[in-house]
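Colleague: Please take me through some of the labels used for this model. I would like the cut-off behind each one.

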Amino acid sequence: MQPKLWSLTLGNFAIGTGVMVVPGMLNELAADLVISHAMVGMLISGFAMMICVGGPFLASWTTAVNRRKLLTASLVLYAVMHGIAALAPDYTSLLVIRIVTAIGAALFTAQAAATAGLMVPIAMRGKAIGLVFLGWSIAAVVGTPLGSYLGAHIGWRSTMALVGVISALFAVAVWIQIPAKLYVAPMDRAAWKALFANTPLLLAISVTAIQALGMFTMFSYMALLLKDFIGATPTVISLLFLCFGITGVIGNVIGARVMDRIGPMRVGVVAMSCMLAAIIAWPLSRGSLPAAVVLMLLWGLGCFAINGSQQARLVGMAPSLASASVSLNSSAIYLGQAAGAFLGGVIVSGAGTANLSYIAAVPMAVAIAVSVMAGNMAQRRRMAEAA
C-alpha cells in the first residue's frame, strides 16, 4: 500500500473531526452564544444538508480539475472556514460559516476515495479506499469526545481554530504527496438512470437515510441528554463519547469479519437492532451512570457497522451501478443527519429531552422493516431474472 495514501487518511481525519466536534460542544455553544440547544442542532443540520444536496453536484462539476489541486483546495477551504468560525460574532454568522465549510467536506471525502482508487492497482482498490476511510473512523472515535473536552476547557472558539490548523497542515501533506495530473472519469448518466429504475436498490438506500434520521434525532443532542439524565460533567460526557467511538470501531470490525458468512443485510439488521435497543432503553439510564455507560456501548456497537454493511450491500445488489449507488448512499447519510438534527431540535425546544428516545426509536424500527422488505424484493427480482 502506497505511503502517499496516508495524506488522504489524515485529510479525512481532519474533515471528520470538524464534523464531530460540534455535537460534543453542544452545551458550550448554547451557553456562549446564548441560544437554545435546538439552535445549535441547526448547525449540524445545515452542515449535513449542504453535503447531502451539494455532494453529487460538486462531484459532477469538478471532474475536470486534477485531484491534487481539488483535494488541497477543499482542505484549505475547510481550514480557513474553521478559522473564520472561531471569530464568528453571533449565531447567524456561525450558521452561514458552517454551511460554507461543508463544501470542503463534501468535496474531500468523496474525492479522496476516488483518488485512492486511481493511485493503486485495481486489485488493491478496496483496501486503499478502506485505508482512506480509516481517517473518518478515527475521527468518529476522538472527534466528539475531543469537542466535548476541549470545548469545556479551552472554549469552542479555540477548538474550532485548532481544527483549522490541523486541516491546513494536512492540506500541505496532500499537496506534497498526491501526484499531479490525476483525473476521474465523468459520472455516467446511464448509471444514474438505471439506478432510479431499480426499486429494491432505492429501498436499500432509503434504509441509510431512515436509520440516520433515528440516530441523529437523539445523538445530535446526546451531550444535553447526558447532562439532563445523569448530571454528567464535560469530562464524563467526553469519556462516554470515547466509549461510544471505541465500541463503534469494534462493531465495525466484527461486522466486516462476519459479513461474507451471513451477508451484509443481516449485519445491517443486527447493527440497527443494537441501536434500537439502546434508544428504547435510554429512559432506564436516568440517574444511573452505569446504565448510561452500558447503553452508550451497545449503541456504539451498531453505529459504524451499519455504514459498512450498507455499502457492501449496494455493491452486491448491482455491481455495475456501484459508483452511482454508493454516491447516493453518502447523500442519504447526510440527509438523515440533517433531518434528525432538525426533528430532535423541534422536540427538545418544545418538550425537552424526556421523550426524545421514544421519537427516535420509530424511524430506527422502520429502517429495520424497510431493510428486510428491500432484501425480499431483491431476492424475488433475482429469481424472476433467473427464470
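Modeller: Thr 353 has 7% relative accessibility, so it counts as buried; buried means under 20% relative accessible area, exposed over 50% and partly exposed in between, with a 1.4 Å probe and protein chains only. This is a predicted model, in which local features need pLDDT of at least 70, side-chain atom pairs count only at pLDDT 80 or more, and totals for chains, interfaces and linings use all residues. Residues are numbered from 1 along each chain as its sequence is written, and side-chain values use heavy atoms, with hydrogens and water left out.

Colleague: What joins the side chains of Thr 353 and Asp 228?

Modeller: A polar contact of 3.0 Å. The term covers a pair of N or O atoms within 3.5 Å; within protein, one must be able to donate a hydrogen and the other to accept it, and residues adjacent in sequence count only if both atoms are side-chain atoms.

Colleague: Which residues does Thr 353 touch, not counting those up to four places away in sequence?

Modeller: Leu 224, Leu 225, Asp 228, Phe 229 and Val 348; contact means heavy atoms within 4.5 Å. Leu 224, Leu 225 and Phe 229 are among the buried residues of helix H10 (residues 222-230).

Colleague: The axes of helix H12 (residues 264-281) and helix H14 (residues 305-317) come within 8 Å. Why is H12 called roughly antiparallel to H14?

Modeller: The axes cross at roughly 155°. Angles over 145 degrees count as roughly antiparallel, under 35 as roughly parallel, 65 to 115 as roughly perpendicular and the rest as oblique, so H12 is roughly antiparallel to H14.

Terms used:
Axes are lines fitted to C-alpha atoms, for helices over the stretch in contact, and angles run from 0 to 180 degrees between N-to-C directions. Helices (H or I, at least four residues) and strands (E, at least two) are DSSP runs, numbered from the N terminus.
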